[in-house]
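Hi everyone, thanks for coming.

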Amino acid sequence: MTPADLSPCVVRAVRRAVADGELGVGTVVPERVVVERTRPGGVGEYATPAALAVARSAGRPPRDVAGVLARRLGAEPGIERVEVTGPGFLNFVLPAPAAPALVAQAVVLDIAIRDVRGGAAFLPDDLDGPDDPEDAHTDAGLRRRVVRRCVQRLVRVQGGSEQEAPADLPVAPLARRDADAVRRYGADAACWAMLAVPARETPAFSDVLLHQGEASEFFRVRYAYSRSRALVRNAGQLGFHPEAGEVDDAPALLRLLADHPLVLEAAAHHRAPERLVRHLVELADALLDFHHRVLPQGDEKPSAAHRARLALAEAAGTVLAGGLALLGTDAPERL
């Protein structure tokens with residue numbers, strides 16, 4: 001059971017509860033529920049308010065519905081514990097994520113993102129050509145275009161259509177002093193800055209965007225991807241290649257990779273690209289902490305552990321590149 005499996009698992013639990021008569025026949029079974037990482041200080045690791053929404057059509061208190069679902073979900077293989085908190089939130093604890101499953105998950109996500117972006121390595125059109133005449137030659141139109149097109153891609157990766165990303169998404173314009181941001185910082189860095197804060201907030205531009213060092217989050221994310229590619233190249237020179245296997249010395253990286261599908265779903269649901277930006281920074285930092293342990297050191301010979309670590313690092317790089325593509329920015333293999 002991965003975090004991404006929780007949403008369909010909850011939907012199945014609602015459907016079966018209705019079929020077995022535990023919930024009334026008029027209960028509306030949702031097509032999808034949003035599951036997110038529990039906030040600091042919360043119960044468990046992941047949570048969903050699904051029972052609150054189902055309760056309306058079931059005609060029962062949300063905590064009653066949550067109790068029905070918790071009993072069913074607690075018996076699901078791969079779920080360690082389910083608790084009901086507050087007015088009816090379902091909270092989950094899952095086993096530690098397995099590296100082979102996360103490597104496979106990265107491949108599946110990459111295929112979905114490639115379908116959205118039409119096979120192109122980069123989506124350069126966000127800063128070119130307005131979606132409608134009112135956006136032409138205005139600072140508000142520039143940022144509105146960047147945010148809307150990113151939200152559209154996020155929604156499409158979830159299987160939705162562009163019509164599900166409403167045109168009335170409120171977007172704050174660029175500050176007057178930042179009107180030449182694209183020319184000064186370049187298209188990639190400008191897009192990053194425009195998406196790094198909620199759409200209602202005015203983005204901040206500074207020369208840190210141009211800094212080739214750890215002070216720049218934008219640089220760290222792209223650098224982490226380039227390091228993942230360098231690891232694969234260097235391993236090839238040493239005569240070994242990635243091979244999925246268990247990895248026991250990268251808990252932070254494993255957990256962030258496990259959370260990635262949930263982050264994409266939440267970013268699409270809330271129309272909040274900044275959630276993806278924050279997650280990519282965390283993932284990049286975890287990969288940069290881990291990458292020193294991937295290749296053999298000194299007289300070490302390549303082993304199954306090295307191949308498994310390399311597969312995990314490659315998967316993390318694939319996720320970073322896909323996330324950057326969804327933001328509309330490039331992912332260079334060498335920096």
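I'll go through the pockets, then the cavity, then the helix pair. Keep in mind that this is a predicted model.

Okay, pockets. The largest pocket holds about 1,200 Å³ of space. Its lining is made up of 40 residues, and if you want to find the centre on your screen, look for Val-34, Glu-36, Ala-266, His-270 and Arg-275, which lie nearest to it. What kinds of residues line this largest pocket? We get 18 nonpolar, ten polar and twelve charged.

Several elements each give at least two residues to that lining: strands S1 (36-37), S2 (46-48) and S4 (89-93), plus helices H2 (50-58), H9 (251-269) and H10 (273-290). Which one supplies the largest share? That's H9, with eight residues. Remember H9, please; you'll hear that name again.

On to the second largest pocket, with a volume of about 350 Å³. Here 16 residues form the lining, and Ala-4, Leu-109, Val-157, Gln-158 and Pro-261 sit nearest the centre. Helix H1 (3-19), helix H4 (99-116) and H9 are the elements that contribute two or more residues to this lining. By type, the lining of the second largest pocket splits into nine nonpolar, four polar and three charged residues.

Now the cavity. How many cavities of 30 Å³ or more turn up in a search of the whole structure? One. The volume of this largest cavity is about 40 Å³. Around it you'll find Ala-106, Leu-109, Asp-110, Ile-113, His-260, Thr-318, Val-319 and Gly-322. H4 and helix H11 (304-327) are the elements giving two or more of those residues, and H4 has the largest share, with four. The lining of the largest cavity comes out as four nonpolar, three polar and one charged.

Last bit: the helix pair. In general, two packed helices are described by the angle between their axes and the distance between the axes. For H9 and H11, the angle is about 30° and the axes are 11 Å apart. Angles under 35 degrees count as roughly parallel, so H9 and H11 are roughly parallel to each other. The crossing of H9 past H11 is left-handed.

Who makes the contact? From H9 it's Leu-253, Leu-254, Leu-257, His-260 and Leu-264, and from H11 it's Leu-312, Ala-316, Val-319 and Leu-326. That contact has eight nonpolar residues, one polar and no charged.

Terms used. Residues are numbered from 1 along each chain as its sequence is written. This is a predicted model: local features need pLDDT of at least 70, side-chain atom pairs count only at pLDDT 80 or more; totals for chains, interfaces and linings use all residues. Side-chain values use heavy atoms; hydrogens and water are left out. On a 1 Å grid over the protein atoms alone, a cavity is a set of points where a 1.4 Å probe fits but cannot get out, and a pocket is an open set with protein on both sides within 12 Å along at least five of seven lines; lining residues have an atom within 4 Å of a point. Grid points are joined across faces, edges and corners, and a volume is the space filled by probe spheres set on the points. Ala, Val, Leu, Ile, Met, Phe, Trp, Tyr, Cys and Pro count as nonpolar, Asp, Glu, Lys and Arg as charged, and the others, Gly among them, as polar. Axes are lines fitted to C-alpha atoms, for helices over the stretch in contact, and angles run from 0 to 180 degrees between N-to-C directions. Angles under 35 degrees count as roughly parallel, over 145 as roughly antiparallel, 65 to 115 as roughly perpendicular and the rest as oblique. A crossing is left-handed if the near helix is turned anticlockwise from the far one by less than a right angle, and right-handed if clockwise. Contact means heavy atoms within 4.5 Å.
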